[in-house]
Amino acid sequence: MSALVSLAAACVLAAAALAGAAFPAGRVALGQVLPILAFLCFVAGVAFRVLLWARAPVPFRIPTTCGQQKSLPWIRANAVDNPSSGIGTIARLALEVLFFRSLFRNTQSELRPDGRLVYTPSPWLWAGALAFHGALCVILLRHLRFFLNPVPAPLIALQSADGFFQVALPALYASTFVFLGGMCFLLGRRLVSASVRYLSLPQDYFPLFLFLGIVATGLWVHFFEQSTAAPAKELALGLANLSFARPPADLPAVFFAHLLLASVLLAWIPGSKIMHMAGVFLSPTRNLANNSRAVRHVNPWNPDVEVHTYAEYEDEFREKMKGAGIPVEKETK
Amino acid sequence: MSEPAPRFDNPAHYKPEDLGRVDYRPPATPWIRTPVEFKPGRFLVPAKEKNLKALGLPNPRVWSPTDADWKLPPDWKEILLKGLKDRLDRFRSLRVFMDSCVRCGACADKCHFYLGGGDPKNMPVLRAELLRSVYRNEFTAAGRILSRLSAGLARFAGNRPLTPDVVKEWFYYFFQCTECRRCSVFCPYGIDTAEITILARELLNLVGCNVHWVIEPAANCFRTGNHLAIQPHGMADTLSFFADDIETITGVKVNYTLNRKGAEILFVTPSGDLLAEPGTSTCMGYLALFHELGLDYTWSTYASEGGNFGLFTNNETMKRLNAKIYAEAKRLGVKWIIGGECGHMWRVLHQYMDTMNGPADFLEVPRSPITGTVFENARSTKMIHIAEFTADLIHEGKIRLDPSRNDDVRATFHDSCNTSRGMGLLEEPRYVLKSVCRNFFEMPENTIREQTFCCGSGAGLGSDENMEMRLRGGLPRGSAVRYVRDKFGVNRLVAICAIDRATLPVVCDYWAKGVSVSGLHELVANALVMKGEKKREINFRMQPLPKQALEGGASAHA
């Protein structure tokens, strides 16, 4: 049900774009107004949320330690999974952000009929997620060619590397297939696994269907509307330079669907779980060194609390202490 | 006449073949529409009025989780929402963890309660959603708009308003989490359910929903210095009994002092070590080792608790209880502190103490008077773990050991949640264990070190009325113990945590019969060759030593 509603929402958006592209005003709205608004929403929203996180203090140093601590010199410490230094922490965070270190640990548990629990390494989620995110990164970089003139050499190099397996025109990009593979895995897993389906919300499916729509419309334009590249670049450059000439007339309707779905996704990010892209950097269990016994961590709101003092304790138990031969501070109250 | 059937708080009430078959199929209704059901054996009794009053905690009253009306304060909703807002502003962890989860479910089958019970709300992701659903509804723009448009739509998107039923659900599930952090190891964003549970319990405390097994020890600790309400003369008696037993075992009369000013070192251990087997044998192990070293140390009756049930209450209570350790170190004028074998105690000492009650600038950086080793890793807190201390002693060859005295023990090591995932104390206890026991076997790698499984009774869940959940939560650990029992003949689970020593005997007896539990320093003391000792015939449990040791005598390690 959650998945169907999300799919329907994505389809409605695509259909609205296809319809809207028939009108000149619709083309302005879809091609210029909404993308700019979405971009502003994205930048302001992400900044707002990150500031909200950053403004909240970190009262305690609570890294999740995943390896041997640094203690005695002859015991080898795990400098990355249990970092005691800033460099180690940066390495840990880099592994987490770039290679999804923690997800790589994933195991699949199975309760055998004899009551034995067994765990097998399960790198599939890790592989699917890495494929999805890595390919998305390449695809986004490739799209920069529409916004930059001239296109910087590294981008051209990336694009030709990505299109290495080109067999015919138009180019086939490896990243497209990797991305689709990763996304289908993530979506399929959500739908097939009973437990993951049970915990999934509509907002877990919605961005996946948006991506699916964006890829589908993008591929459509790429293969069947090949003359789109030049006017698309004209429009994109206009957006990048904030010069809003009327959108080129030869842009196909499906291009506007591509643009609308991408705009909706962009605007969707700040209020959604996609903020995990920033959250991972600010997670106190991952971005702090495990050195809390060596270096004092300060809590800015460390509360003043009422304690039960030794004097109060001795006052209550003095006679018993004396009877048991335990030294006391005062002989009488 | 036949015996009455065992009650729900007795492990015999549950058949292993029933608990061992877990149904992981989620219910037909979405979780947000599935009400919580309080069944005996699966929840804890509430905190008593007198203990809440002793700690000055809100809303003391008589109530039961099975009551329809929980007698929440009239403005309970405002209290909770204000409390949540306040914590969102004070804990970055909470904000980031509320906003960042993608519900990938990698954490799901990492929780011992989910693995042993199959209740989907024990998947860490859904446990957090119990709070997140209210957070989104009340504290995010989209959530607020959605809830105003339609309550049904909001619910469909996983958002919901705060109702008494939600409070009941929080109580049930946030006291079905042992704050073990295993899920946090696997989460790609490091979302730590322990942190969420800690803060959710703080919220529940605001309206007087806490459990007896947490609040009574905390109240005891505030007044008497320890969870078990052992008064100073009682502690003196206990240590004196231990000294007598040690003399019976070794022929050596051990020296120790209580509340002695001018000692070099203060020793603090969980009070559980003073109360019951097998912790008491470990406590005797500390006494024997420190005596053999001639260590200039003292016990304290005022700071007679290393554990801290304030951690399971709220951060203010944790600070109030923990304050005694530095206060006592200062009063006695010691130079530094050693802490005994305990789990959550070390979470507090390692990750919270210095921040809350430091800086301990009146103490000196710990330096072992026996080996000269300076513990730079504790140069700010001035407190080291006894496994660090003993590992250093053995490595530097400062104690004589006869591991053959433990030849009847085929040991495996249970990493405690907090020392492994909140500290990283993995190799020190293993080094000590392998030095004092010649038969050591690891459990499967997904069940040890940072992936270790909880005993199922930590964080205040270890009370008998919660027996079904304890046994279910103990299934993953029990299964791994049974595996090494069957494969290697393991008969001893060594644990450096007082709650483990108190509750894993139940879990092992249920899931891996024949495996007993002990602390590390019990085995150290067995192997320790003491100056002036008589020929040893019994071990620190007063059982005969194995034949090899009786015949061979001391084959010293150092």
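pLDDT is the predictor's confidence in each residue, from 0 to 100. In this predicted model, chain B has a mean pLDDT of 96, and 98% of its residues reach 70 or more. The model as a whole scores ipTM 0.96 and pTM 0.96. Because the model is predicted, local features need pLDDT of at least 70 and side-chain atom pairs count only at pLDDT 80 or more, while totals for chains, interfaces and linings use all residues. Residues are numbered from 1 along each chain as its sequence is written, and chains are lettered from A and ligands numbered from 1 in the order in which they are written.

**Overall form of chain B**

- The C-alpha trace of chain B spans about 80 × 55 × 50 Å along its principal axes.
- The radius of gyration, taken over C-alpha atoms, is compared with a globule rule of 2.2 Å times the number of residues to the power 0.38. Chain B has 24 Å, which agrees with the value near 24 Å for a compact globule of 558 residues.
- Of the 558 residues of chain B, 63% count as buried. A residue is buried if 20 or more other C-beta atoms, placed from the backbone, lie within 10 Å of its own; it is exposed if 12 or fewer do, and partly exposed in between.
- Two residues are in contact if their C-beta atoms, placed from the backbone, lie within 7 Å. Among contacts in chain B with a separation of 6 or more, 77% join residues 24 or more positions apart.

**Helices, strands and sheets of chain B**

- Chain B has 26 helices and 7 strands. These are DSSP runs numbered from the N terminus: helices are H or I with at least four residues, and strands are E with at least two.
- Two strands pair if DSSP finds at least two bridges between them. An open sheet of 4 strands in chain B has the order β2-β1-β3-β4, with parallel pairing.
- The edge strands of this sheet, β2 (297-298) and β4 (383-385) of chain B, each pair on one side only.
- Within the sheet, β1 (residues 265-268) and β3 (residues 336-339) of chain B are joined in the parallel sense over 4 bridges, and Ile265(B) stands opposite Trp336(B).
- Strand β5 (residues 411-414) of chain B is covered on both faces, with Ala411(B) and Phe413(B) buried on one side and Thr412(B) and His414(B) buried on the other.
- β5(B) pairs in the parallel sense with β6 (residues 492-495) of chain B over 4 bridges, and Phe413(B) stands opposite Val494(B).

**Domains of chain B**

- An automatic or database domain assignment supplies the domain bounds. For chain B it gives domain 1 (11-34 + 58-209), domain 2 (217-395) and domain 3 (403-552).
- The C-alpha centres of domain 1 and domain 3 of chain B lie 33 Å apart. Their contact takes 18 residues from domain 1 of chain B and 22 residues from domain 3 of chain B.
- On the domain 1 side of this contact, α5(B) provides the largest share, 5 residues.
- That side of domain 1 of chain B has 10 nonpolar, 5 polar and 3 charged residues. Here Ala, Val, Leu, Ile, Met, Phe, Trp, Tyr, Cys and Pro count as nonpolar, Asp, Glu, Lys and Arg as charged, and the others, Gly among them, as polar.

**Contact between chains A and B**

- The contact takes 82 residues from chain A and 98 residues from chain B.
- α13(A) gives the most to the side of chain A that touches chain B, with 6 residues.
- By class, that side of chain A has 42 nonpolar, 28 polar and 12 charged residues.
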